[in-house]
Amino acid sequence: MVDRRGPRSAHASSRAQAAGDVVPAKGGGAAQTRCGFIALIGAPNVGKSTLINALVGTKVAIVSHKVQTTRALLRGIATADGAQLVFIDTPGIFAPKRRLDRAMVANAWAGVHDADIAGVLIDAKRGLDEEADAILDRLAEVGRPKILLINKVDLVEKSALLAIAKAANARLPFAATFMISALTGDGVADVKRWLAEHVPEGPWHYPEDQITDAPLRQLAAEITREKLYLRLHQELPYQSTVETELWRARESA
């Protein structure tokens, strides 16, 4: 990990109202706690949802080998070193052709502009391909601190990883660069630790034990859609959605 910034100056998050009630961290005052929103962006299938699950420590985002599995913004919530980290899983960014495509890409960029920190994922196997280049070009217009996350490092030689990091940092002033494997968890703890130190000071927005802002009915629908993507291929219309019609809470056996 390469960190080019010193400690971030304290300021209140502008998203306190949007997140709902403010919840102070357990065992500490608001002045000693931190809370921030981190948007993860990248091309389709670079591992954003897998990384959010690894950062949160449990499954909150569905994962599939099919592109554009994530269609809407989803928040996963984690705590580290007295800081509450709210991760925003965004749809993959690509060159849109249809109305649905344009809506998803616009939704992804909206999440970036609303966040405190933008985490840019690059697939180490693909490197700085055409999609990554387009994302880096547009990121230059985003006035948020940015970190570079080179994912799937277990599949690429170290020399290639260093070349990607050097080329990307020559394009944009990243506050820090991490080489990670979201699938194995390698380097994920370093990302959490850095974010906990650099998100703004202020009270927590969610209860300490909350891991996502999505209701259980929505999570159930998303997990069902994930299983459809994993088991159906040519038969699966890409416009498929799942709606939870009935929800029953049962006592554990």
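This is a predicted model: local features need pLDDT of at least 70, side-chain atom pairs count only at pLDDT 80 or more; totals for chains, interfaces and linings use all residues.

Analyst: Residues are numbered from 1 along each chain as its sequence is written, and side-chain values use heavy atoms, with hydrogens and water left out.

User: Why is Ser-181 called buried?

Analyst: Buried means under 20% relative accessible area, exposed over 50%, and partly exposed in between (1.4 Å probe, protein chains only). Ser-181 has a relative accessible area of 2%, so it is buried.

User: Which residues is Ser-181 in contact with, leaving aside its neighbours within four places in sequence?

Analyst: Contact means heavy atoms within 4.5 Å. Among the partners of Ser-181 are Asn-151, Asp-154 and Asp-186.

User: What makes strand E2 largely enclosed by the rest of the structure?

Analyst: Helices (H or I, at least four residues) and strands (E, at least two) are DSSP runs, numbered from the N terminus. Eight of the eight residues of E2 (residues 34-41) are buried, so the strand is largely enclosed.

User: How do you know that E2 and strand E4 pair?

Analyst: Two strands pair if DSSP finds at least two bridges between them. E2 and E4 (residues 83-89) have seven bridges, in the parallel sense. Gly-36, for one, has Leu-85 as its bridge partner in E4.
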